[in-house]
Amino acid sequence: MAAPRLSQVVGLLLKEQAAHGTAETLSNSADGAFMYLGDGDPPNPADIQYVYDGKIGRAAGTLTGQKNTTPAGRHRPFEFSIQARGLGSLYSAILVPPNEVHRALKAAGFTAAYSATPTPQWLYNQAVAGTGYTVLTARMFAHGSQWDGQDVLLNLEIDATGLGVPIWKFMAQSVAPLPTDQDLPAVTYAQAGILPPVAQGVVCNFGAFTGAKVRSMKFNLNRAIDKPRISQTTAGGHDGFTPGGMNPQAVITIERPARATWDPDALRASATEFDFGYQVGTVQYNRWKLNMPTAQIVNVQNGSDNDVATVAVTVEGHGSTPSASDAVNFLFN
């Protein structure tokens, strides 16, 4: 009797594609992306989907359907989570944050730029609309199989609840070949020994107000990545996905401050703009910051936690001008 296919371990590779529609050759030693699993077994691989399911309608002489033809437009949505960490040593023009940060953020709609001042850092700015976009080739090892994907686009959510390490979750769309049998190989993960920063000593500012007692922060890039690029002249019928708009929002739950100190209801009513920032980590080269330079409050929700009055403030990032792509950025320094 054959041994069962186990679900206990997974691996992930990510690499930027030089050209849309052409998968990259992946390396187990250079393209590893370190996933966050939490406790217990990894999540199950996402199922394969088709744009056209192969159905050709009901048979003329019966009340049942005809047998299906081949489906077309094969793709696979999937997701993976990480705990964002830095390089752990001096950044440079070629020394970047780990793949699960650097490459994934680029596929989530950002450009990456190195700067030596004021300290060596990598800044991930919102890509300018209409000028092209980064896609990845991905490979996941799970359930004794190899799950490949090309032309991968990503959306991003961040959950920083309590005092743990914030969890970044990337939601993906990909053009997918059929999976094949493959045991998990030895994958090299850069900076895997660097512990990710914990959400303590967080620096959070709502404009000039820096005194908030933060209980949690949840961010969603809200990037549309579900628009298939159908092509009858392409083998398989699927040329990937076209990215749509994004609507970056962060929900920050804080202890209710005195309104004379800071009043989110009044700021919402006046549509006041301010610079929002949320930084995790204090050690240089292992810290990251979410910025929305021209943000506004779009919702205020009252609550309580252990008999302490709280307020959940939803902050939304907008461009500084109608043509500016600067609603949100990430800094690793």
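**View 1. Salt bridges across the whole structure.** A search of the entire structure identifies ten salt bridges, a salt bridge being a side-chain nitrogen of Lys or Arg within 4 Å of a carboxyl oxygen of Asp or Glu. Residues are numbered from 1 along each chain as its sequence is written, and side-chain values use heavy atoms, with hydrogens and water left out. Because the model is predicted, local features need pLDDT of at least 70 and side-chain atom pairs count only at pLDDT 80 or more, whereas totals for chains, interfaces and linings use all residues.

**View 2. The salt bridge between Glu-157 and Lys-169.** The two side chains meet with an N to O distance of 3.9 Å. This pair links distant parts of the chain, twelve residues apart: Glu-157 lies in strand 8 (residues 145-161) and Lys-169 in strand 9 (residues 167-175). Strands are DSSP runs of E with at least two residues, numbered from the N terminus. Glu-157 is partly exposed at 27% relative accessibility, and Lys-169 is partly exposed at 26%; partly exposed lies between buried (under 20% relative accessible area) and exposed (over 50%), with a 1.4 Å probe and protein chains only.

**View 3. The salt bridges of Asp-265.** Asp-265 meets Arg-256 in a salt bridge of 3.8 Å, N to O. With Arg-259, Asp-265 forms a salt bridge whose closest N and O atoms are 2.8 Å apart. Asp-265 is partly exposed, with a relative accessible area of 32%.

**View 4. The network that includes Asp-263.** Salt bridges link Arg-256, Arg-259, Asp-263 and Asp-265 in a network. Arg-256 is partly exposed at 21% relative accessible area, and Arg-259 is partly exposed at 45%.

Key. Helix = DSSP H or I, 4+ residues; strand = E, 2+ residues; numbered from the N terminus.
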